[in-house]
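Hi,

Here is the structure I promised to pass on. Have a look at it first, and then read on for what turned up.

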Amino acid sequence: MPTETQSQDNNTEKEANKVYSNEDIEKIFREFLQSFSEKRDKNGKPIPKYMKELEKAIEKAKKDKRQPPGISITISMADLEKYDQDLAKLLKNNPYTILPIFENIVMDLAKEIDPSLVERLLLNNKKIRIWILPSKDVIKLRDIGVDYLNKIVTIEGMIIQQTSPFSHILKVFLYCVSEGEKGEDTYTTFYPPEGMEFYDKVKLPKDLSICNPRHKMKIDESQSIRVDWQKAVIQETPEDVPPGQIPRQLELIFEDDLIDTVRPGDRIRVLGILKLKNELWYSPKANSDFYLKVLGVEQIESSFEEAKISEEDEEKIKELAKDPDIIDRIISSIAPSLYGLRDIKEATALSLFGGNDYEFPDGTKKRGNIHTLIIGEPATAKSQIALAIRKIAPRVVFANGKGSTGVGLTASVTKEKNSDIWVLNVGAVVLANGGVAVIDEIDKMNKDDRAYLNEAMEQQTISVNKANIHAVLKAKTTIIAFGNPKGGRFDPDTDILDQINLEPTILSRFDLIFTLKETYDEETEKKFEFIIKTRTAVTNKDKIDAYIIPGINGKGLIPSDLLKKYIIYARTRITPKWEDEATKYLIDFVKELAQKSRQLNGLRRLITARQIDGFMRLSEAYARMRLSDKVTVEDVKRAIDIFKRSLRSLRIDIDSENADIDRIMAGVSEEERNIERIVLNIIDELTANGGCAKYSDILTQFERAMEGRNLDSRTITEMLDKALKRLKDEKGYIYEPHDKCYKK
C-alpha cells in the first residue's frame, strides 16, 4: 500500500498534469476574458480587463475603412499564467490546438457585442486575431532546438535586420480546367493543411488528386487568402554571447497588426511559435532552419534592463559613493594591471558614465554621450584598454575600422538572397544603442566610410533612404575609438594634428582626444619594471595583490562586476542638476576665453559652442561618478582640467596666445585661413593680366607680406607650401595649369 506521503505526491503529480477537454478549455478561457481584472470602478466593482479591450477593438474596427476591417485583441501570457497556469502551459505546448479554440471564444463574445461585424468577418474568411504579450519566462536563443518545435517560446535579443512589409499567401484556392474545353466544372480546395503554411514559395504537390489527368490544376489568386507579412532577424545581445562564439540568430515572421512594431536596433522580448522553413508539407526537407511566427512583442525599454541590481548591490554602491576619493578609485579600477595611463583611464571612465540628455521645448536635443578618441603608437596598451571596457561597460559592441565599411558600422539596405525583397541591416553603432561602440583602427577606415559616423555621433540617429526604405534608427551610442598616427609613430617635428588621419568633421565630434607615445624616461623604466613584476607574480596570488589590488590610498580597487553595476546605477538613477555657483563658474571661464580671442583680433579661436556642450557633459559625468544629484564648481574645474590635458596632448594650450581650437574644429586655424586669403590675393594680382602665377613670384610677394613677424625663410616657405596644397588639393580654389604655376 502506498504511504500517506506517496499518496500526496501522486495527487500533486495529477494536479500538475491536468487533462482538459475542449469544453473545459472553452469554459476557463471564457471566464478568464469575462472576469480577469486589475482595476475597479468607483463603486469598487472589478473591471473586466479583456472585455473592455474587446469592446475597444470592436469600436476601432467600426472606424476602419478596410472591408472587412482588421480586428485583434492582445492578452498577456503572465495574466493567463496567473489565472490558470495549467491552461497557459497547455497553450504553450499545443498552440495549433488551443489557439483556434481561443479564437472561437473571442468571436462568440464579439458576436454578443456586435453580431453584424462578426458576420462580415465570417463571410470574408476573417477572424479576430489573438496576440499574446510575452512573459519573462525567457529561453536563451542559443538553447532553441527541436524540443521547442511547434511550441510557444519567449526569447530576447536585438533586431539586426528587417524587410519592408509585403503580401504573403496563406491559403491557395485551386481549380481544375480541361485544356481546350470551356464550361468545365471546377473543383476547389484550400491548401496546405491546418498548422502548415508556405514560407518563401508556393509549391503544389504533383500527386494532389483533385484533377483527373485530362485537367490542369491552377491557382485562383482572387480567392486565395493573403496576409500582410514582414521578416526580421533577432540576434543575441553582445553580452549574452560566450567568448569566442558566434552570435545566434533567428528569423521572425510578423503578420497583420504586428507589422512594423519593431525596427532594427531595438532590443525586444518576443513570443511566438517555433516552426521550420518547410515549403513542402507533404515532403519535408531533411535539413531545415527554424523561424518564429510572432504572436506578441514588447520593447525592453531600459538600456540596462538586462543587468539587475539587488538591494545588497545598491547598499554597496551607496557605501562606495560616500568615499571622498571615489572618482580616483573608479579611475584606478579601470585596467589596474596597466601602469600609468591616468588620462586615458579617466577619459574612459567619463565616457562610460556620460552626461545628461537634453530635449528642449522646440524639439532640439543635446546628447549626453561623451565620445573619446585615443591615437597611440604601437605597444602603448590601446588593446588592453579596449578589453577593460568590455569588462565594465554595461553594453558594448566591438568593431574594427580596418575591416568595416561605413554602412557596416551604421546601417545598410541590401537585397535578400534569392529574392527581390529589400532588407534593412544594422551595424555596430546601432547595435550598441544605449551602450558603447568600441571602434579599433578607426584611422584605417575609408574616408567616405567614416563620414557615416557624423550623424550618429552628434544627432544620435542613423538615417537610411534607399529602395523605398526610409528609416531613422536610434544610435544613442557612446563611441570610444582607437587609432594609430599616420607614420606608425609620432614625428616630433610635425604638427600632431597633421599626423592624425581623421577629418575635422569627425575629429571635432570627440569630446576628448588623447595621444599615446612610447617614450624613454624614468617613468618608462618604472612601467617596464611593473610589467615584469606583475606578470611574474601572477602565479602567486599574494604578490599580485600587492601590486595591483591596494589601489588608491590603500582602500582597494573596485571589482569589475561591482564597478559595472555602479555605472549602471549612476546612468539610470542619477540626473545631476546644476548648482548656480557651478553655472556661474563655467560662464566666467567661457567669457574669459572669448575675451582672449577678441583681444587677438579674431586671429585665434579658443572656444566654440561645441566645447561648451562638452564642458557640460564632462561636468555632469563627474557628478554621476560621485552619485551626486548636483553639479558643483569642483566638477566644472575637473572638466576644464581634463579638457586642457586633452588639448595639450595635441600640443594645443588654450592658456597660450598661440592656441587655436579651430585646428580641431575645422582642420585649419584662423591664422592659416588668413594666410590662405593673403595667397589668394597674391595670385589675383599676379594673374590680373592673364596667364598664371609662378611659384617664385608668389613666394617673393608672400615674404613681403610676412615681414615683421620674425619668421625665418624656411618657416615662411613651409607656410606657403601648406597653403597652396590646401587651396589646390583640399579646397579646389586654385589649379596648376603648368608646373609650379597657379591660377584661380
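Let me start with a detail: which backbone oxygen lies 2.9 Å from a polar atom of the side chain of Thr348? It belongs to Ile344. Please keep in mind that this is a predicted model.

Thr348 sits in helix H10, which spans residues 342–353. Its relative accessibility is 0%, so Thr348 counts as buried. Leaving aside residues up to four places away in sequence, Thr348 touches Ile385, Ile389 and Ile480.

Now for the wider picture. The protein has 744 residues, and 47% of them count as buried. Its secondary structure comes to 26 helices and 28 strands. If you take the contacts with a separation of 6 or more, 71% are between residues 24 or more positions apart. The accessible surface is about 38,800 Å², with 48% of it belonging to carbon and sulfur atoms.

The nonpolar cores may interest you too. The largest one has 63 residues, and Leu373, Ile442, Leu453, Leu473, Ile479 and Phe510 have the most contacts inside it. Helix H20 (residues 580–599) gives the most to this core, with five residues. Apart from it lies another core, of 61 residues, including Ala88, Leu117, Ile132 and Ile234.

Not counting residues up to four places away in sequence, Leu473 touches Pro264, Ala411, Leu424, Val426, Val430, Gln460, Thr461, Ile462 and Val464.

Best wishes

Conventions:
Residues numbered from 1 in each chain as written. Predicted model: local features only at pLDDT ≥ 70, side-chain atom pairs only at ≥ 80, totals over all residues. Heavy atoms only, no water. Helix = DSSP H or I, 4+ residues; strand = E, 2+ residues; numbered from the N terminus. Buried < 20%, exposed > 50% of the residue type's maximum accessible area, 1.4 Å probe, protein only. Polar contact = N/O pair within 3.5 Å; in protein donor to acceptor, adjacent residues only side chain to side chain. Contact = heavy atoms within 4.5 Å. Areas by Shrake-Rupley, 256 points an atom, 1.4 Å probe, with all protein chains shown as cover. Core = buried A, V, L, I, M, F, W, Y, C linked by side-chain atoms within 4.5 Å.
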